[in-house]
Amino acid sequence: VPKVSKICCIGAGYVGGPTCAVIALKCPHIQVTIVDLNQARIDAWNSSDFNLPIYEPGLEDVVRATRGRNLFFSTDVDGAIRAADLIFVSVNTPTKKTGIGAGYAADLNYVEKATRRIAQIATSSKIVVEKSTVPCRTAESMRVILEANSKPDARFDILSNPEFLAEGTAISDLVSPDRVLIGSLQTHEGKEACKALSEIYANWVPQERILTVGLWSSELSKLAANAMLAQRISSINALSAICEATGANIDEVAHAIGKDTRIGPKFLKASVGFGGSCFQKDILNLVYLSESLHLPEVAAYWRQVVEMNEYQKRRFTRHVVDTLFKTITGKRIAVLGFAFKADTGDTRESAAITIIKHFMEEKALVTIYDPQVEHEQIWMDLQEVSPTFTLQQIKRQVQIAPCALDACAEAEAVVIATEWKEFITLDWEAIYEQMSKPAFIFDGRLLVDSAKLAKIGFKVSSIGRGAEVTA
Ligand code: NAD
Ligand code: UDX
């Protein structure tokens, strides 16, 4: 089995950073270098005050314990490739915006560039691990590129090792994963490489949780896991529409069906729609893969999961407009939460972005508060989603508040878009005092105690609950 004493990770993002920091923590005998082309990102990872480029509970402690010991962040991609025995490719694989498969297919340009760099630089044999989420059989393309460009003494073994961490819980997911999945070619060398990576994880992950499978199963399992998770949310959100129309309560329905051990209680929270960098991208990727394989019915099946999610966001906005007497023009609406979920500063595909876009189109005045998201990021996201608005025009309609109380001052309605815990314990009485009356709350996350708020005087509307909640 090849001995691994030096690891390089290409890509210092949400996955590469936390994943390899935890490897460094759990494997003090291995030197881990995380590299990126983005100087600002690397500088932030190296910052003396630990102002890290991503917010993730527990991450700072891990980086404090390892940085400079056996964990290093650098822009010297070539140096780290040269020195490494094993290389994680953890670069971004966004949905293509133009060209063939635009709007569906994964953009594999970053994976290919990183792969070509490895081939060009490596002077000794390496295990190359595909960590990024990629379409089924990408490892084959990587192998062909590496073999066609390798130096005489360098041979490459390719593994697929998809990452299942969720943002906001990345560190605990990495420290005690449900499973680690490693795919390899079923050749002697492939199996040996697989063993080498398993041994790294075995430093802290119980053996029975380290699953070894074929390369293509491993790649497809990642897309499949995200598709099935997102499908659960779209299913519960589809049911939330029925609840609102009938007076049934989606939390009660979710609880009742979740008691069936075959269904299970997790991931059944109705919401304003799923966001995040993975679900939509990976499903569209699966849709594209299905279409490429001439399986249009399969493609249509998965596409519907994304369509239901878009519908949920539209439905929510429409409900806000309808409830506010069919017009929100010139009305102040406070949006609490901008991140795609709690405990992260990440806003990629956040439902809040789409909802605020709709509010802007209705000419509402929006005030946003989020405890983690950088203001610059909010402006960038709103500009990207509304290209017909200039930043100046956006700023005429949208403000960012320093706290929830300020965001809600004089608002006609409060919209809860992210399930930040701090929103539960806000001084709702004080908020009520400062709001226009009738004061509406639209809880897009089933977060707050609607009966309590109704008692204060709010008109409360929660996703998946019939109108009887309003006092
Ligand atoms: P990210 O955009 O945060 O990070 C990727 C980094 O790679 C960027 O900093 C970029 O500068 C760098 N990069 C790109 N090309 C490079 C190159 N040639 N050399 C050096 N650096 C390069 O992305 P992420 O969220 O960490 O996701 C990475 C991959 O992991 C994606 O395929 C994603 O689908 C997958 N994934 C993400 C999550 C998640 O929760 N974010 C979870 C599981 C899997
Ligand atoms: C997801 C997968 O969970 C993870 O395994 C994979 O590696 C990356 O993609 P992430 O996107 O970080 O992780 O967060 P996740 O907790 O899955 O939430 C995704 C979205 O679904 C969020 O917007 C969240 O608010 C929403 N969600 C989640 C619901 O609306 N209801 C739920 O019951 C669960």
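I began with confidence. The chain has a mean pLDDT of 96, and 99% of its residues reach 70 or more. This is a predicted model. For the complex, I noted an ipTM of 0.98 and a pTM of 0.95 from the predictor.

Next I looked up ligand 1. I found 27 residues around ligand 1, and the closest are Gly11, Gly13, Tyr14, Ser132 and Thr133. I sorted this shell by class: twelve residues are nonpolar, ten are polar and five are charged. Which helix gives the most to the shell? Helix α5, residues 109-121, does, with three residues.

Then I turned to the largest nonpolar core. This core holds 139 residues, and Ile87, Leu336 and Val415 touch the most other members. Helix α9, residues 215-246, gives the most to this core, with eight residues. The core draws on both domain 1 (6-205) and domain 2 (239-469), with at least three residues from each.

Setting aside neighbours within four places in sequence, I listed its contacts as Cys8, Ile10, Ile81, Ile118, Lys126, Val128 and Val129.

Last, I checked Ile145. Ile145 sits in helix α6, which covers residues 138-149. Why does Ile145 count as partly exposed? It does so because it has 17 C-beta neighbours inside 10 Å, and a residue needs 20 or more to be buried. Not counting residues up to four places away in sequence, Ile145 touches Glu112, Thr115, Arg116 and Ala119. I noted the spacing to Arg116 as well: Ile145 and Arg116 are 29 residues apart in sequence, and their C-alpha atoms are 6.7 Å apart in space.

Technical notes: Residues numbered from 1 in each chain as written. Chains lettered and ligands numbered in written order. Predicted model: local features only at pLDDT ≥ 70, side-chain atom pairs only at ≥ 80, totals over all residues. Near = placed C-beta within 6 Å. Helix = DSSP H or I, 4+ residues; strand = E, 2+ residues; numbered from the N terminus. Nonpolar A, V, L, I, M, F, W, Y, C, P; charged D, E, K, R; others polar. pLDDT = per-residue confidence, 0-100. Buried ≥ 20, exposed ≤ 12 C-beta atoms within 10 Å, placed from the backbone. Contact = placed C-beta atoms within 7 Å. Core = buried A, V, L, I, M, F, W, Y, C linked by C-beta atoms within 7 Å. Domains from an automatic or database assignment.
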